Amino acid sequence: MSEIMNDQTSPVHIILQTDDVFILDRGFRDSIPNIESAGYIAHMPPSKDRHTTQLTDIQADKSRQITIVRWVIEVINGWFKRDYKILRHTLINKTLPRVFEDFRIAGVLINAFRQRLTDSSKNYRT
């Protein structure tokens, strides 16, 4: 990710716009400065502070917020991989120019024939 963000000629920068949001897991913690310096916004669940046994209330709330958004992303990603065999595998660089079109077609089919995810009224505090 750091290499992609630092390469100004990367096609990713053509697709993304300033202030686009990245929802990341902790595996990308070293890439966050590069993502933010490229003009994007990065969110990652917080880690515990040193010498503490649990997250603070604010950290736990932020972690839950990011996790619920990531859950939706993982569900949709699972649909792509389950329904479209070509999208299950690691892609080689040769396929990258076409992969965005493949995902777009798969997304259209998912939107047309799958029931959309909806919020549960039980998820909100009153």
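This is a predicted model: local features need pLDDT of at least 70, side-chain atom pairs count only at pLDDT 80 or more; totals for chains, interfaces and linings use all residues.
Local features were kept at pLDDT of at least 70 and side-chain atom pairs at pLDDT 80 or more, while totals for chains, interfaces and linings use all residues. Residue numbers run from 1 along each chain as its sequence is written, and side-chain values rest on heavy atoms, with hydrogens and water left out.

Helix α4 takes in residues 57-83, 27 residues in total. Helices here are DSSP runs of H or I with at least four residues, strands are runs of E with at least two, and both are numbered from the N terminus. From first C-alpha to last, α4 reaches 39 Å, close to the 39 Å expected at 1.5 Å a residue; the expected span is 1.5 Å times one less than the number of residues.

The buried residues of α4 are Gln59, Ala60, Ser63, Ile66, Arg70, Val75, Trp79 and Phe80. Buried means under 20% relative accessible area, exposed over 50%, and partly exposed in between, with a 1.4 Å probe and protein chains only. Their cover includes β1 (21-23), β2 (41-43) and α5 (96-113). Ser63, for one, has a relative accessible area of 13% and so is buried. Neighbours within four places in sequence aside, Ser63 is in contact (heavy atoms within 4.5 Å) with Arg26, Pro45, Pro46 and Leu55.

Then there are the loops. Asp19, between α2 (12-15) and β1, has a phi near 75 degrees, positive although the residue is not glycine. Asp19 counts as exposed because its relative accessibility is 53%. His51 sits in the loop between β2 and α4; its phi is near 65 degrees, again a positive value in a non-glycine residue. At 84% relative accessibility, His51 also counts as exposed.
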